[in-house]
Every structure is written in structure tokens, then in C-alpha cells.
Amino acid sequence: MNTPHPDLELTDEVAQALADGAPVVALESTIISHGMPYPQNVEMATEVERIIRDGGAVPATIAVLDGRPRVGLDQDALELLATSPDVAKVSVRDLPYVVAQGKHGATTVASTMRLAALAGISVFVTGGLGGVHRGAERTYDVSADVTELSLTDVAVVSAGVKSILDIGLTLEALETLGVPVVANGTGEFPAFFSRSSGHEAPMRLDTPAEFAALMAAKWRLGLAGGVAIVNPIPVEDEIPADEIGGIIEQALAEMDEKGIHGKEATPFLLGRIVEITQGASLTANIALVNNNARLGAQVAREYAAL
Ligand code: PSU
Ligand code: MN
């Protein structure tokens, strides 16, 4: 086992699990602070940790508190992330600033991957990946999640990307960067709220053991970077693409009108979609995160067993 980086603060439980080679699953915190409203955000964060424990792995929610990168959080810390306006959305770019300034930061997929890797964690569960935004040929808005997937050896379980993004361009970017995008039990790339995106999944596997074997094969060959495991939302929880499509268009149009861009773009769109659907999208979002947590715990167990 690698020793975790000295600048990280691990809970005893996470440190012990890593020392024992036991399965650990990283979780991000931007989904709590900027991805969902209160109190559903903290309820989701708590429930996801419970699902991962029930699945036989140790959850490690990651954030920066008072400038200290933390791996594993207690209930008070989750509550702070869920409620405090002083918690910034922190991607890789922002990490040195919040650390040096002693501030609080909720980590995105990109920065969570980086901190998870520094801790020695190989599996990370989230809701949706960032990607190439629609209109990126004009705005250059490509999430740092894409870059990070090309650099850091962590498998990320998500429900794909929402069609607030350009799904086709996101898949092209990930292909260029050498990131395996592997769908769980389907030939189609999932679109977060919907099982179907109209885009083929580049690869398909059907069991947690197969995902673990792919991760091991990749990293044994010295192929740096992550693996995107994309897991479709359960049928009973999905919002069909034709229902959510128009709502996403409306949220995107409002964003353009308001001139919102940069790191505010994704939180604005997520929040607006919850408002327009009167919470239906939030219910679906929580269901898919829980579903990803079940898969992530299994993959972490299989990977730890190798
Ligand atoms: N997509 C979601 N929910 C989320 C996010 C993305 O469906 O909460 C968050 C994740 O933390 C992701 C970040 O890493 O948004 C991407 O932000 P940006 O597009 O600014 O890179
Ligand atoms: Mn962006």
C-alpha cells in the first residue's frame, strides 16, 4: 500500500482501511454544496455513505476544510458543506488557493480524483461527470473533469453526463485523451436522468469483476489516467429523454440570457432544472447516485480482492 500524502487528513477509519488494503470508495462534495438543494443534499450524502458501507466498502467523502484536504468526513462536516455559503466550488485550478488561504472548498470530480489518488483510493462514485459544454467551439468551456480523467488513475462511477453538455463532443474528447468509457450492462451511453442518449457506449461490461479487471489491466500496462464507468439510472427512476430535453433547452437559454458562464454554469443549470421540474429531477438525481454507490462498492471490493 502507498502511504497517503502527508498534507491530507484521513479519518482513522479510512486510514486503517487503506493500510489493510480494504475497499474504499471516494465521494465528491460539490454535488453536496453546489449540486443539490438543502436538506436533500445532506440526506443524499449520508445515505450514499450508508449504501457504500452496506456494500462492504468504506466511504471517504472528500473536501477541503480550513485549508486542509480531508479524506473522510463526519456528519458535522457534511452539514457544513450542505449549508454554508462560505464553501467554494473547488476544481483542480482552485485547490492551491483554498489550501493556502485556509478556506473551505467542496471538490468537483476533477479535484476529488486528484485527492483520492494522493490518498491511494482507486474507486470514486458520483452522479454525473463534467464534460464538453454545448457551444464549446465558441466558449472553450470544457470541464477540468475531462482533463483529469486523462491524468489520474482513479475509476469514476457516474450515470454518464447530462444533456446540458454536448454528449457527442464529450465522448470524442475522452477518446482523444485515451480514457476508457465503459457502460455497465448496456450498449448505450447513459444520459444521467435518462438511460438513453442516442450515443453508443464505446465499451460494455456486465459485472463488477470485469470492471476491476479492466482497471488492473490499464494500470499494469502503465496507461495513466482514469476509467469512466457509466451506469444507467434504473428504469423505474428515469426521466425519459424527450421529457427532460425541452427543460434542459430552457435552462440553457436562460443561462445565455443571464450571461452566466465559467464555474457558475453547471451549478446554475442543475439548480434551474430542479426548479422547472418541481423537484422531479432531484428525485431522479438521488436515485442514480444511490445506484452508482451500489455498483461502486462492488467494484471497489473486486479491485481490492485482486
Ligand atoms: N454534473 C452533475 N452533478 C454535479 C456536477 C456535474 O450532474 O454535481 C458537478 C461535479 O462536481 C462536476 C462539476 O465535477 O459539477 C463540473 O463542473 P464544471 O462543469 O464547472 O467543471
Ligand atoms: Mn466549465
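What follows is a short tour of selected local features, with the criteria stated as they come up.

First, the ground rules. This is a predicted model, in which local features need pLDDT of at least 70 and side-chain atom pairs count only at pLDDT 80 or more, whereas totals for chains, interfaces and linings use all residues. Residues are numbered from 1 along each chain as its sequence is written, chains are lettered from A and ligands numbered from 1 in the order in which they are written, and side-chain values use heavy atoms, with hydrogens and water left out.

Let me start with strand β6, residues 104-107; helices here (H or I, at least four residues) and strands (E, at least two) are DSSP runs, numbered from the N terminus. Both faces of β6 are covered, since H104 and A106 on one side and G105 and T107 on the other are all buried, where buried means under 20% relative accessible area, exposed over 50%, and partly exposed in between, with a 1.4 Å probe and protein chains only. Strands count as paired if DSSP finds at least two bridges between them. With strand β3, residues 58-65, β6 pairs in the antiparallel sense over two bridges, and there A63 has A106 as its bridge partner. With strand β5, residues 87-90, β6 runs parallel and is joined by four bridges, A88 standing opposite G105. Between β5 and β6 the chain passes through helix α5, residues 95-101, in a right-handed β-α-β crossover, which is to say that, with the strands pointing away from the viewer, the path from the first strand over the helix to the second runs clockwise.

Next, the core. In soluble globular proteins, nonpolar side chains tend to be buried together. A nonpolar core is taken here as a set of buried Ala, Val, Leu, Ile, Met, Phe, Trp, Tyr and Cys residues joined through side-chain atoms within 4.5 Å. The largest such core has 102 residues, and V71 and I121 have the most contacts inside it. Helix α13, residues 280-305, gives the most to this core, with nine residues. If we set aside neighbours within four places in sequence, V71 is in contact with residues including L8, L10, V14, A60, I62, A119 and I121, contact meaning heavy atoms within 4.5 Å.

Helix α13 also holds N290, which is buried, with a relative accessible area of 11%. Beyond residues up to four places away in sequence, N290 touches E47, V48 and I51.

A further buried residue is L149, in helix α8, residues 144-151, with a relative accessible area of 1%. Among the residues that L149 touches, not counting those up to four places away in sequence, are M113, L129, L174 and V227.

Now, how many aromatic pairs are there? The count comes to two, on the rule that rings of Phe, Tyr and Trp (its six-membered ring) pair if their centres lie within 6.5 Å, planes under 30 degrees apart counting as stacked, over 60 as edge-to-face and the rest as tilted. One is F192 with F193, whose centres are 4.9 Å apart and whose planes stand at 85 degrees, so the pair is edge-to-face. The other is W219 with Y303, also edge-to-face, because the centres are 5.9 Å apart and the planes at 90 degrees. As W219 lies in helix α10, residues 208-220, and Y303 in helix α13, this pair ties together parts that are 84 residues apart in sequence. W219 is buried at 15% relative accessible area, while Y303, at 24%, is partly exposed.

I would like to return to F192, which lies in the loop between β9 (181-184) and β10 (203-205). F192 is buried, at 2% relative accessibility, and has a positive phi of about 65 degrees although it is not a glycine. The charged end of K162 sits over the F192 ring, 3.4 Å from its centre, the criterion being NZ of Lys or CZ of Arg within 6 Å of the ring centre and within 35 degrees of the ring normal.

Lastly, two backbone details in loops. Y140, between α7 (136-139) and α8, has a positive phi near 65 degrees and is exposed, with a relative accessible area of 71%. The peptide bond from Y38 to P39 is cis, with omega near 5 degrees, and P39 is in the loop between α2 (30-33) and α3 (40-54).
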